[in-house]
Each structure stands twice: as C-alpha cells, then as structure tokens.
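Have it open while you read.

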Amino acid sequence: MFYVPPLPYEKNALEPYLSAQVIEFHYEKHHHTYCSNLNKILENQPIYLNTPIEQLLKIVETLPIEIKQGVINNGGGLYNHNLYWESMKPHAKPAPEGTLMEEIKKSFVTFEDFQKLFTESALKLFGSGWTWLVQTRNGDLKIINTANQDSPISMGYKPILGIDVWEHAYYLQYQNRRADYIANWWKIINWDVVSKRLETPLA
Ligand code: MN3
C-alpha cells in the first residue's frame, strides 16, 4: 500500500507565497487522488504494491501493459508531489550552501544563472508538467521539463528539485500568472532537504 506523507508544515505556513486554499486542494484532493488511484491499480498486484515507489518508477517500462500507464500517471503523481511538498518551508534561505551550491556553479556558473534558466524552462513548458533539477548518471546537474506526471526517475535521472506547473498548482491564487507563482516559489525552498537529495542515493 502506498500512502501520502503528512505535510511538513501547516497549510497556511507558506503564505503569502502559496495560499492555504491552493495547498488544501492540491494536497488533499490532487495528491491524495494519485495515491488512491495507484493503490487501486495495483490492488491485485501485491508484488508491486510492496515495491518502494522509486523502484516502481525505475522499472516502469517493464510493467505489464494493463498497469503501465496507470503507474506512470499515478505513481509519478504520488512521488512528484511527495518531493514537491518536502521541498518547501516557511522562512527559507534564499540559496543553497555547501555541495549543492558548488555543483550548481559547476553546471550553471552562478546560482542566479541557474535560477534564470530553471525559471525560463518552467515558463515555456506547454500544457501540464514539471520542471526539474536532476542529477544524471555521471553526476552532472541538468534542468529538464517532463509532461504530465512523468517521473525523471523513469528516465534514469535522480530528481533533486521540482516545481509543479500544472495549473492546479497555482490557478486558485495566481490565475494565469505562472511567472508570479514561480518567482514566489523560489522564496520558500527548503534548501537543506534539497541538498540532502543530492548527497543521498535514490531508494
Ligand atoms: Mn500537482
């Protein structure tokens, strides 16, 4: 059985950058629905139901055809949102320190250049999807966009940081102003959690 981890803060804790109302719908409705759909899809597949979500996303291409797309959509939806909520906090630092900062500079020269490229990538994503900072197999950092709930894990990458740019992530508060949502999201990143991902192997 899969479950949705508790939010690591109160629903109003990220205001004014992300409203309690957005979090209420996004976490309680969207996120929980991915999880319950995944459990439903796998209810007769006990082996997969007991596989860690990261492993399941890694082997998604090998899954039986009748469950594969459901796992891509709902397993991806579960994992991506777990990572999204964990990556935010109130009273956040403006930038990472230590290894993550060094690696970002190695790949993007300055932190500001990284932020600019990441933001541009998120702004130009057409339709529903996510923008990610990922680590490739040879250890480099890279910015990618994924469609729908596709997981970077299924592409052989380790997700380090991700922003949900589906309209459901911001529309109630920002309407069509995706740029404002992204600009404010940078103010609530939990860089300690994000840094730890870089240093920890994927489960
Ligand atoms: Mn979402």
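Which way does H1 pass H4, in a left-handed or a right-handed crossing?

1. The crossing of H1 and H4 is left-handed (the near helix is turned anticlockwise from the far one by less than a right angle; clockwise would be right-handed). This is a predicted model, where local features need pLDDT of at least 70, side-chain atom pairs count only at pLDDT 80 or more, and totals for chains, interfaces and linings use all residues. Residues are numbered from 1 along each chain as its sequence is written, and side-chain values use heavy atoms, leaving out hydrogens and water.

2. Now the manganese ion: its protein donors are His26 (NE2), His81 (NE2), Asp164 (OD) and His168 (NE2), 1.9 to 2.2 Å away. Donors here are N, O and S atoms within 2.8 Å of the metal (3.2 Å for Na, K and Ca); water is not among the atoms, so sites may look incomplete. Their sequence spacing reads H-x54-H-x82-D-x3-H.

3. Asp164 is buried, at 0% relative accessible area, and His168 is buried too, at 18%. Buried means under 20% relative accessible area, exposed over 50%, and partly exposed in between (1.4 Å probe, protein chains only).

4. On to the rings: the whole structure holds 14 aromatic pairs. Rings of Phe, Tyr and Trp (its six-membered ring) pair if their centres lie within 6.5 Å; planes under 30 degrees apart are stacked, over 60 edge-to-face, the rest tilted. Tyr27 and Trp85 sit 5.9 Å apart by ring centres with planes at 85 degrees, so they are edge-to-face. Both Tyr27 and Trp85 are buried.

How values were computed. Helices (H or I, at least four residues) and strands (E, at least two) are DSSP runs, numbered from the N terminus.
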